[in-house]
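Hi everyone, thanks for coming.

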Amino acid sequence: MEMLIQLVLLILGFVMLMKGADWFVDGAAGIAQRFGIPQLVIGLTIVAMGTSAPEAAVSIAAALKGSADITIGNIIGSNMLNVLIILGLTAVLCTVPVAKSTIRYEIPFMILITFLLLGLGYTGNQITFSEGLILWGFFLVYLFYLLKMSKDGKSSEEKTEKPEKVEKEETHTPIWKLLLFVVIGLSFIILGSDISVDAASAIARALGLSERIIGLTIVAMGTSLPELVTSVSAAKKGNADIAIGNIVGSNVFNILFVVGTTALVTPVAFASNFIVDTFLAAGAGILLWVCVWQKQKLTRAGGITMLLSYSIYSAYLLF
């Protein structure tokens, strides 16, 4: 009976996630159009940070409760899922164009900070307070870069005549309604993710899975569901910059803000088992970079390659 209740809660969480992501993307895309902010910047900031809220809550709570394997496992597992599963599935459904700045700067930066996390964890088998400050330093640099990109985007937008359709959309969609979509959508995403993670973790523990496996798979999948539904929804609605920006921004946010903030609160243990996992997470970023470098888009072939790569990683975890 208990297992049945958890399954029902899991489905309820999924439904809330899907509906919440739909509203969230509508609101975020509308705000981007209204204020002339590039969709890529919206994806890298408000959408990425919003959909990373579950990772932040779960990781900090797990660290405070002494479940360090769930903390690091959740972040590394989520970042792997974000790139290989979420972008993989999104690319299978529709081709995802990738902005030049994402290929030249954001994806390499994501790869760099993944190796940084690997180095910090490897040297002392934990992320300390001072190392948390280092991660936060990189986070502030990243925010400064986004601020500059936003200003540059607004300047170029002013020089470009807006299509009539967009102008009508802006006139007919009140700003309060767009903000309401974002707030309600985000609330549904966070609450739905919380319900899904709790239910999935209960089911996993009942099946006798280890904390590391739970963190890298079940909890990571649960906290990555917002990114999945948001990216797929954004891509299907033609907001591809939000889709790719959401994933790259979310991965950066997970490492720099979530791990950095957690380390400022309490030292985060980094077990030797996670060295391989973190290296593979960096490898996933390199694979994404290779797939989009020449054509400036993620095609179905690239998406299938990513899904197959995650299948191999799953086999490694199980065997």
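You'll find Asn125 in the loop between H5 and strand S2, which is residues 126-127. Asn125 counts as partly exposed because its relative accessibility is 44%. For that label, buried is under 20% relative accessible area, exposed is over 50%, and partly exposed is in between, using a 1.4 Å probe and protein chains only.

Gln296 also has a positive phi, near 55 degrees, and it is a residue other than glycine. Gln296 sits in the loop between H11 and strand S4, residues 297-298. At 35% relative accessibility, Gln296 counts as partly exposed.

A quick word on what we're looking at. This is a predicted model, so local features need pLDDT of at least 70 and side-chain atom pairs count only at pLDDT 80 or more, while totals for chains, interfaces and linings use all residues. Residues are numbered from 1 along each chain as its sequence is written, and side-chain values use heavy atoms, with hydrogens and water left out.

pLDDT is the predictor's confidence in each residue, from 0 to 100. The protein chain averages 81, and 86% of the residues score at least 70. Over residues 154-171, though, the pLDDT is below 50, and beyond near neighbours in sequence this stretch has twelve contacts in the model. A contact means heavy atoms within 4.5 Å.

Back to H5 itself, residues 100-124. H5 has 25 residues and reaches 37 Å from its first C-alpha to its last, close to the 36 Å expected at 1.5 Å a residue. That expected span is 1.5 Å times one less than the number of residues. Where does H5 bend? The bend is at Glu106, by about 30 degrees, and a proline, Pro108, follows within four residues. The angle is taken between axes fitted to the seven residues ending there and the seven starting there.

Now the inside. A nonpolar core here is a set of buried Ala, Val, Leu, Ile, Met, Phe, Trp, Tyr and Cys residues joined through side-chain atoms within 4.5 Å. The largest one has 54 residues, and Ile127 and Leu256 are among those with the most contacts inside it. Its largest share, eleven residues, comes from H4. Leaving out residues up to four places away in sequence, Ile127 touches residues including Leu117, Leu135, Val259 and Phe270.

Last topic: rings. Rings of Phe, Tyr and Trp (its six-membered ring) pair if their centres lie within 6.5 Å; planes under 30 degrees apart are stacked, over 60 edge-to-face, and the rest tilted. How many aromatic pairs are there by this rule? The count comes to 13. Phe139 and Phe253 make an edge-to-face pair, 5.9 Å centre to centre with 65 degrees between the planes. Phe139 lies in helix H6 and Phe253 in helix H10, so the pair ties together parts that are 114 residues apart in sequence. Phe139 is buried at 4% relative accessibility, and Phe253 is buried at 7%. Trp289 and Trp293 form a tilted pair, 4.9 Å centre to centre with 45 degrees between the planes. Both lie in helix H11, four residues apart, about one turn of the helix.

Methods: Helices (H or I, at least four residues) and strands (E, at least two) are DSSP runs, numbered from the N terminus.
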